[in-house]
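Please open the structure in your viewer and keep the selection tool at hand. The stops below can be taken in turn.

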Amino acid sequence: MHLYIHIPFCESKCHYCSFTSLKKKDYEEAYFKALLEDLKFQFDYFKLSKNSIQTLFIGGGTPSVVEEKFYEKIFNFLAPYLSQNSENTIEANPKSSIDSWLKNMKNFGLNRISFGAQSFHSKKLEFLGRQHTQKELFESVENAKKNGFENINLDLIYDTKFDDKKMLDFELLHLEKIKKNLKHVSAYHLSIEKNTAFANCFHFKKNAPRLMKYFIEQIQILGFKQYEISNFGRICKHNLAYWQGKDYIGCGLSAVGFLKNQRFYTAKNLKTYILNPSLRQIENLNQKELCLERLFLGFRSKVGVHKKILNTIQIQKANELVANKKLELKNNRFYNLNFLISDELALYLAP
Ligand SMILES: C[S@@+](CC[C@H](N)C(=O)[O-])C[C@H]1O[C@@H](n2cnc3c(N)ncnc32)[C@H](O)[C@@H]1O
Ligand code: SF4
């Protein structure tokens with residue numbers, strides 16, 4: 001089983017971000033009490049046995065804005081369920097991940113940390129509404145390493161209006177400086193989302209496929225092999241499980257879980273969640289929807305799409321794409337040869 005936990009607090013709201021994140025920290029105590037109740041209920045409901053969790057991902061929001069004391073009971077409860085070699089990731093922000101927090105997180109059993117870096121450039125950081133500096137980013141990665149984190153990821157954002165070749169080279173130069181301490185890079189092209197400060201500001205995105213291709217190639221030259229449209233380096237087992245369509249439990253505010261052909265949604269409102277953390281809205285997925293999801297996730301990543309989930313017409317279309325060198329067929333799986341057109345391929349083969 002795989003487990004996602006959402007921590008919905010942030011110091012401030014970044015201009016591009018539509019993730020569930022709240023500025024108020026007054027609710028931490030009540031939130032963590034509810035989260036523990038939620039975890040206990042879910043584990044009981046799905047009859048989880050000891051050592052059965054293969055990957056844990058604590059995301060946000062910004063888990064590093066929450067003091068370590070709040071996590072203690074959560075980890076006391078989780079510890080027996082985590083398998084011996086489980087990959088346990090936590091997201092962190094360079095501003096808030098101070099030395100003692102990193103040390104405690106390592107002691108709690110976390111072995112992978114993902115920093116929201118977004119950029120090394122002060123002008124771009126300011127534009128994105130980030131609070132940290134390049135210096136703080138370098139320091140937090142050093143501190144994570146010093147505190148025993150060997151599996152470190154950096155999130156970057158590109159294809160913003162500032163990302164000309166000069167800016168991308170600046171990012172790559174700094175990535176190279178820090179790469180000895182990293183195992184993974186996530187590079188997301190800016191997406192303009194509703195209900196954010198960037199909403200409707202489509203001109204904030206550069207929309208430059210050639211530069212995007214250049215950035216992706218250069219990240220690979222630095223030694224981080226691409227295995228998904230936005231992910232490079234040592235494969236994140238948790239995300240891989242999502243893309244393979246494996247079952248996972250989601251706990252915390254506006255978290256999502258997936259089991260067989262059902263998706264489970266927790267409450268999206270903080271007070272509702274605190275009052276009723278085990279409440280789930282259930283979405284039943286039909287075969288068509290499940291197939292579409294496999295197409296999108298499979299073509300965006302190295303996972304590919306197995307022939308057995310496709311009908312005769314889809315297989316015929318996929319074979320045409322193989323002939324046109326857009327897909328590759330190996331051991332009954334179709335693999336995408338260009339992640340930048342993955343969504344188009346999925347839509348073309350949609351049932
Ligand atoms: C939930 S955030 C976690 C990191 C942490 N909260 C922080 O920002 O420091 C996950 C990542 O999604 C990416 N992201 C969020 N919104 C995005 C958007 N609109 N366009 C591109 N990337 C985005 C950012 O790179 C961000 O680091
Ligand atoms: S990008 Fe991270 S820090 Fe910024 S608002 Fe979103 S979750 Fe919070």
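**Stop 1: helix H7**

Select H7 and then what covers its buried residues, which includes S5, H6, S6, strand S7 (226-228) and S8. Helices here are DSSP runs of H or I with at least four residues, strands are runs of E with at least two, and both are numbered from the N terminus. Contact means heavy atoms within 4.5 Å. Buried means under 20% relative accessible area, exposed means over 50%, and partly exposed lies in between, with a 1.4 Å probe and protein chains only.

This is a predicted model, in which local features need pLDDT of at least 70 and side-chain atom pairs count only at pLDDT 80 or more, while totals for chains, interfaces and linings use all residues. Residues are numbered from 1 along each chain as its sequence is written, chains are lettered from A and ligands numbered from 1 in the order in which they are written, and side-chain values use heavy atoms, with hydrogens and water left out.

Within H7, colour Leu-211, Met-212, Tyr-214, Phe-215, Ile-216 and Ile-219, the buried residues. The expected span of a helix is 1.5 Å times one less than its number of residues. For the 13 residues of H7 that gives 18 Å, and the end C-alpha atoms are 18 Å apart, which agrees. After H7 comes Gly-223, with a positive phi near 110 degrees.

**Stop 2: helix H6**

Now select residues 165-178, helix H6; its 14 residues should span 20 Å, and its end C-alpha atoms are 20 Å apart, which agrees. Which residues of H6 are buried? They are Met-167, Leu-168, Glu-171, Leu-172, His-174, Leu-175 and Ile-178. Looking down the axis of H6, the buried residues fall within an arc of 165 degrees, so they line one face of the helix. The arc is taken from the directions from the helix axis to the C-beta atoms. Lys-166 and Lys-177, on the other side of H6, are exposed. Among the elements that the buried residues of H6 pack against are strand S4 (112-118), helix H4 (122-128) and helix H5 (134-146).

**Stop 3: strand S1**

Move to residues 2-7, strand S1, where six of six residues are buried. His-2, Tyr-4 and His-6 lie on one side, Leu-3, Ile-5 and Ile-7 on the other, and all are buried. Two strands pair if DSSP finds at least two bridges between them. S1 pairs in the parallel sense with strand S9 (residues 248-251) over four bridges, and with strand S2 (residues 53-60), also parallel, over six bridges. Click on Ile-5: it stands opposite Cys-251 in S9 and opposite Ile-58 in S2.

**Stop 4: a three-stranded sheet**

Next find the open sheet of three strands in the order S13-S15-S14, with antiparallel pairing. Strand S13 (305-306) and strand S14 (327-330) stand at the edges with a single partner strand each, so one side of each has no neighbour in the sheet. S13 is joined to strand S15 (residues 333-336) by two bridges, and Val-305 stands opposite Phe-334 in S15.

**Stop 5: Cys-236**

Select Cys-236 in the loop between strand S8 (231-233) and helix H8 (237-243). Its relative accessibility is 1%, so Cys-236 counts as buried. Leaving out residues up to four places away in sequence, Cys-236 touches Glu-87, Arg-112, His-184 and Tyr-227.

**Stop 6: ligand 2**

Finally, select ligand 2 and the residues near it, meaning those with a heavy atom within 4 Å. The residues around ligand 2 include Cys-10, Ser-12, Lys-13, Cys-14 and Arg-130.
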